Each structure stands twice: as structure tokens, then as C-alpha cells.
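Here are my notes on this entry. Please read them with the structure open.

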Amino acid sequence: MTVAAPDPRKDLIGLTREELAAEMAAIDAEPFRARQLWHWLYHRGATEFTAMTSLAKAFRARLASHYRIGRPEVARSQTSSDGTRKWLLRFDDGQEAESVHIPEADRGTLCVSSQVGCTLNCRFCHTGTQLLVRNLGAAEIVGQIMLARDQLGEWPSPRDDRQLTNIVLMGMGEPLYNYDNVAKALKIAMDGEGLSVSKRKITLSTAGVVPLIKRCGEQLGVNLAISLHATNDELRDELVPLNKKYPLAELLQACREYPGAHNARRITFEYVMLKGINDAPADARELVRLLAGIPAKVNLIPFNPWPGARYECSSDAAIQRFSDIVFAAGYSAPVRMPRGRDILAACGQLKSDSIRKRARPPAEAPAPTSWPADLRGP
Ligand code: SAH
């Protein structure tokens with residue numbers, strides 16, 4: 001792996017408005033410069049200071065001597081036969097993560113990663129076979145959205161007719177185990193004078209980091225999706241080991257209390273369909289029972305296979321039967337059409353070859369349990 005010599009200039013991407021204002025103060029620029037820069041960075045998508053024609057030439061040169069405008073590098077780009085696009089992005093330190101754009105008739109969704117690798121080890125998830133390498137920074141998270149806009153030719157931020165209308169935090173990693181950076185990136189994305197993606201068009205998916213669910217609702221107000229996948233603790237402990245730390249009853253209580261959830265803004269419960277494991281009619285009935293009192297909708301995800309996976313996808317008939325039972329109880333229960341399976345871009349198939357660099361010789365390398373508490377899995 002060759003990593004270019006680091007650019008010593010500070011990246012302006014990923015700074016909040018306040019931080020950008022502080023930078024302008026630090027180089028003795030007038031306060032209104034921060035707003036102008038914000039417009040160029042996030043509304044116009046400028047990648048060079050020379051493009052910022054409303055700024056005096058000398059000021060542009062001064063900016064360029066102190067700062068850079070970061071973008072992840074595209075290490076590989078693939079397009080599925082169904083139009084789904086997957087980008088393998090390489091960051092400054094050479095680490096890699098993937099993002100996926102899924103075009104549909106009435107919308108276009110960008111699936112964003114929050115970590116390189118993951119700590120959760122969900123048994124059916126390909127990303128889970130990759131150890132956590134590190135959290136992505138705010139710049140690297142918002143950079144995925146900006147790079148997609150670059151690639152789709154969507155600058156300045158379009159008002160209508162966008163190919164990128166929705167954002168889902170459903171890529172690699174557990175977003176609530178990297179809450180601060182995710183929150184910072186989403187606040188930038190939601191700013192109406194910049195990328196301008198409404199909180200109603202953003203969905204954060206979590207395997208159930210209960211203590212942070214409330215904070216996410218209060219501070220960000222985005223839509224919530226829960227990777228449920230099982231209706232009893234015994235099975236969920238096995239499929240989603242995080243359940244041992246935050247069992248079903250606590251998770252569902254956090255959902256009942258999720259700020260902003262009401263019938264017009266329901267919480268999505270994702271449920272992967274695994275043959276013979278969780279797809280019986282009795283499971284569907286139990287699911288309905290658990291969801292009582294929660295403004296909910298259910299998303300059934302046919303299991304997406306990956307090399308070495310130990311599960312199979314449920315039959316179409318089993319998925320339909322399951323969906324019918326949930327639907328009859330008054331919940332919408334669409335089956336999520338697998339997209340981009342041919343390029344391993346579908347749910348749970350993302351994985352990069354990044355590996356954790358050993359900080360010390362192997363014998364002393366930290367065991368996984370030595371991760372800081374907020375990064376550690378169950
Ligand atoms: N860690 C977060 C974000 C990942 S979202 C979370 O767990 O919610 C990715 C979604 O795809 C999750 O619902 C995950 O459980 C699901 N998924 C993972 N592997 C899958 C697979 N092989 N087939 C279908 N869905 C899968």
C-alpha cells in the first residue's frame with residue numbers, strides 16, 4: 001500500500017459552521033467569509049479555491065496556503081446491471097470503506113459507511129467478518145455524500161430532480177458507535193444553505209445501541225431504523241451479539257420513547273429473512289406482538305449471500321407469508337428488493353480489504369477487548 005505524503009494543510013471539509021468561523025478568525029479574515037466559504041464548499045461543491053470566483057484572488061491564494069478541500073479518493077468504482085453504483089473510497093491514511101448509490105424511479109438513495117470494519121460481528125453480515133479498523137471522521141462521512149454528488153454531477157445542490165435524494169446510514173459500521181462524527185457529518189448534510197438534505201430523508205440504522213438512540217432523536221431528529229432480525233433474546237443473542245448487552249425489552253422501550261416518532265414518521269424495523277432460522281409464521285406473529293405501541297413499519301430483507309456465509313435466504317413463499325401476517329396486523333411490510341447483488345453492493349455485503357495496522361509487534365498487539373469502551377462490541 002503506498003500512501004502519498006500527507007498534505008499538511010488543514011481540511012475545511014467536516015468543520016461545523018462555528019469551526020469554520022473560528023478558522024477565518026484565525027487567519028484574520030472577516031466573519032462573513034465563513035458563510036461565503038460554506039456556500040462554495042457545500043452548495044456549489046467547489047474542490048479548488050481558484051473556483052471561488054466571488055472571493056478576491058489574493059484571498060483565494062491565502063486560503064489555499066492554509067487549507068485544502070478534501071475528498072476521498074475513488075479506489076474502485078463498479079456499476080451493477082441494475083444501475084446501483086458502488087465506490088470503494090480510500091482515505092488519507094490509505095484505509096478504505098464503501099458507499100453505494102441506489103437509483104429508483106422516484107428517488108436515489110446513498111448508503112453511507114460510518115466505520116472501516118465493524119465491532120458487532122452479526123453472524124449473517126459480511127462486514128461483520130472484518131474487524132473494526134477505525135471510526136470514520138466527520139469529513140470522511142460527509143465526504144462520501146460530496147463525492148457521490150461529484151460523480152452524479154449534482155452541483156450546485158439541486159432543488160428538485162435530484163439523483164441523490166435520500167441518505168441511509170446503512171453501510172459499513174455501527175453509526176451509533178461513532179456517534180459524534182456521524183452527528184457532525186449529518187448536521188453539515190442537513191444545513192439548508194449547503195448540501196440541504198432534509199432530516200426526513202435521512203435514516204440512521206442501528207443494531208441497537210440503546211443509550212444513544214434517544215440522543216440521536218433529540219439532537220438529529222433523523223429517521224430511525226432498527227436491525228431487529230429476531231423476536232426472542234436467545235436467537236437475537238446469536239444473530240446480533242450486541243443483544244447480549246442491550247436485550248430486546250430495552251431496545252423496544254427505547255423505540256417507544258424515540259423522540260419524534262409518530263404515525264407519520266414511523267420507526268423502520270429491518271428483518272433479514274434467513275431460511276429455517278427466523279422466517280416461520282410464528283416469528284411473524286411474535287414480531288407483531290413486540291411492535292405493539294410503537295409507530296412502526298417493517299422492512300423484510302432477503303438475506304444476501306456472501307462467500308463463506310452459513311445461512312440461506314428464505315424462499316419467496318416464506319417471505320410472502322411472513323409479509324402477509326405482518327401486513328394483516330396493520331403494519332406495512334415491504335420486501336426490500338436486493339440491489340447491486342452482482343457487485344456485492346447489497347445490504348451486509350460491503351467489505352473493504354483494510355486491515356488493522358498493528359501498532360506493536362504481534363505478540364503485544366491489543367486484543368479486541370482493549371478497544372475503548374464506546375467502540376467495543378458486547
Ligand atoms: N450497524 C448498523 C448499520 C448497518 S445497516 C445496523 O446494524 O443497523 C445494514 C443492514 O443490512 C442491517 O440491517 C443489517 O443487519 C443488514 N444486513 C447485514 N448483512 C446482511 C445480509 N447478508 N443480507 C441482508 N441484510 C443484511
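Predicted model: local features only at pLDDT ≥ 70, side-chain atom pairs only at ≥ 80, totals over all residues.

Is the crossing of α5 and α6 left-handed or right-handed? The points below take this up, then turn to a single residue.

1. Helix pair. Helix α5 covers residues 179–190, and helix α6 covers residues 210–219. They pack at an angle of about 15°. Their axes lie 12 Å apart. Angles under 35 degrees count as roughly parallel, so α5 is roughly parallel to α6.

2. Handedness. The crossing of α5 and α6 is right-handed. That settles the opening question.

3. Helix contact. From α5, the contact uses Y179, D180 and K187. From α6 come L212, R215, C216 and Q219. Sorted by class, the contact of α5 with α6 has 3 nonpolar, 1 polar and 3 charged residues.

4. Position of T206. T206 sits in strand β10, which spans residues 202–206. Its relative accessible area is 0%. Buried means under 20%, so T206 is buried.

5. Polar partners of T206. Which side chain does T206 join through a polar contact of 2.8 Å? The partner is the side chain of E174. The T206 side chain also reaches the backbone nitrogen of G208, at 2.9 Å.

6. Surroundings of T206. Set aside the neighbours within four places in sequence. T206 is then in contact with E174, L176, I213, L224, A225, I226 and S227.

Note on methods:
Residues numbered from 1 in each chain as written. Heavy atoms only, no water. Axes fitted to C-alpha atoms, helices over the stretch in contact; angles between N-to-C directions. Helix = DSSP H or I, 4+ residues; strand = E, 2+ residues; numbered from the N terminus. Parallel < 35°, antiparallel > 145°, perpendicular 65-115°, else oblique. Left-handed = near helix turned anticlockwise from the far one by under 90°. Contact = heavy atoms within 4.5 Å. Nonpolar A, V, L, I, M, F, W, Y, C, P; charged D, E, K, R; others polar. Buried < 20%, exposed > 50% of the residue type's maximum accessible area, 1.4 Å probe, protein only. Polar contact = N/O pair within 3.5 Å; in protein donor to acceptor, adjacent residues only side chain to side chain.
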